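Dear colleague,

I am handing over the structure we spoke about, and my notes on what was found in it follow below. Please keep it open while you read.

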Amino acid sequence: MGAAPAFYKAEEQIFLRGSPEDMLAAIDELGHSQDFLMNVGKHKGKIVADLIAQEKPKTVLEIGWYVGSSAIMFGDALRRGGGRRYISLEMNSKIFFDHSMMSHLNDLKLCQELSLVRPGSVTLADNMRRPGNPLYWEYVRASTKGKVEAARPFVNCLKDDVISLGNPLLVYRTTLLEGLEPSGHADAADVSYCVDEVVSS
Ligand SMILES: C[S@@+](CC[C@H](N)C(=O)[O-])C[C@H]1O[C@@H](n2cnc3c(N)ncnc32)[C@H](O)[C@@H]1O
């Protein structure tokens, strides 16, 4: 791949997959042209990546994922050296749901259950107009009282490792951001700020 592709053009993201160099270049472009990013950067990053290449650890644990730049760089060095696991922890989570539409709501609840989503977290969900996602839409706009009532019949039911009841006590402030698909069709993404966790009554 050549020059850094524009990070925001969805149709070009396909070329980023499987190419750590291009992904890092796209993040750098974002950092230079759009916003300040506090990632480790090329120079210090290379020192760590070289150390990983030299030591060949099986696992790397990183605390402070941020936007994932170091995780891409160091994860690549780890994989090249035969390592198997890259674990990165981040306390300030931003989650972008852009996979199977039917899974968005349940995956949001799983993230709540794992405390990956909690007050301070920001969650985005794509395709809210095309094709739309009414269950997710209602959930991130529902009152905590409504969510507690909806979950009540299932509390203490047999635990399922896949289906989650989430945390109905989390409070969201949700806004729909209108935009366009690469095809030119109107679409929108929901951005939900988790602003509070109420005390169970
Ligand atoms: C300098 S940035 C990390 C940059 C990243 N390693 C990179 O090079 O791309 C620091 C990150 O650490 C996170 N952080 C701070 N305290 C933390 C903690 N106790 N546990 C997990 N993450 C934490 C912050 O939210 C922030 O995103």
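How many bridges join β4 to strand β6? There are four, and the two strands, β6 being residues 186-197, run antiparallel; helices (H or I, at least four residues) and strands (E, at least two) are DSSP runs, numbered from the N terminus. Please bear in mind that this is a predicted model, in which local features need pLDDT of at least 70 and side-chain atom pairs count only at pLDDT 80 or more, while totals for chains, interfaces and linings use all residues. Residues are numbered from 1 along each chain as its sequence is written.

The sheet

Strands β4 and β6 belong to an open sheet of four strands with the order β3-β4-β6-β5 and mixed pairing, where two strands pair if DSSP finds at least two bridges between them. Because β3 and β5 stand at the edges with a single partner strand each, one side of each is left without a neighbour in the sheet. From one strand to the next the twist averages 15 degrees.

Helix α5

Helix α5 packs on this sheet, touching β3, β4 and β5, and its direction makes about 160 degrees with that of β3 (axes are lines fitted to C-alpha atoms, for helices over the stretch in contact, and angles run from 0 to 180 degrees between N-to-C directions). Seven of the 10 residues of α5 are buried, so the helix is largely enclosed by the rest of the structure; a residue is buried if 20 or more other C-beta atoms lie within 10 Å of its own, exposed if 12 or fewer, and partly exposed in between, with C-beta atoms placed from the backbone. The buried residues are H104, L105, D107, L108, K109, C111 and Q112, and what covers them includes β3 (94-97), β4 (122-125), α7 and β5. After α5 comes S115, whose phi is positive, near 60 degrees.

The nonpolar cores

The largest nonpolar core has 13 residues, and L108 and Y136 are those with the most contacts inside it; such a core is a set of buried Ala, Val, Leu, Ile, Met, Phe, Trp, Tyr and Cys residues joined through C-beta atoms within 7 Å. At least two residues of this core come from each of α5 (104-113), α7 (134-139) and β5 (170-180), and α5 gives the largest share, three residues. Leaving aside residues up to four places away in sequence, L108 touches F97, V117, T123 and G166, a contact being two C-beta atoms, placed from the backbone, within 7 Å. There is also a second, separate core of 12 residues, which includes L24, M73, F74 and L78.

Around the ligand

Of the 13 residues around the ligand, N39, V40, G64, S69 and S70 come nearest, where a residue is near if its C-beta atom, placed from the backbone, lies within 6 Å. This shell divides into seven nonpolar, five polar and one charged (Ala, Val, Leu, Ile, Met, Phe, Trp, Tyr, Cys and Pro count as nonpolar, Asp, Glu, Lys and Arg as charged, and the others, Gly among them, as polar). G64 lies in the loop between β1 (59-63) and α4 (69-80), and G64 counts as partly exposed because it has 14 C-beta neighbours inside 10 Å. The C-alpha atoms of G64 and E90 are separated by 4.9 Å, although these residues are 26 apart along the chain.

With best wishes
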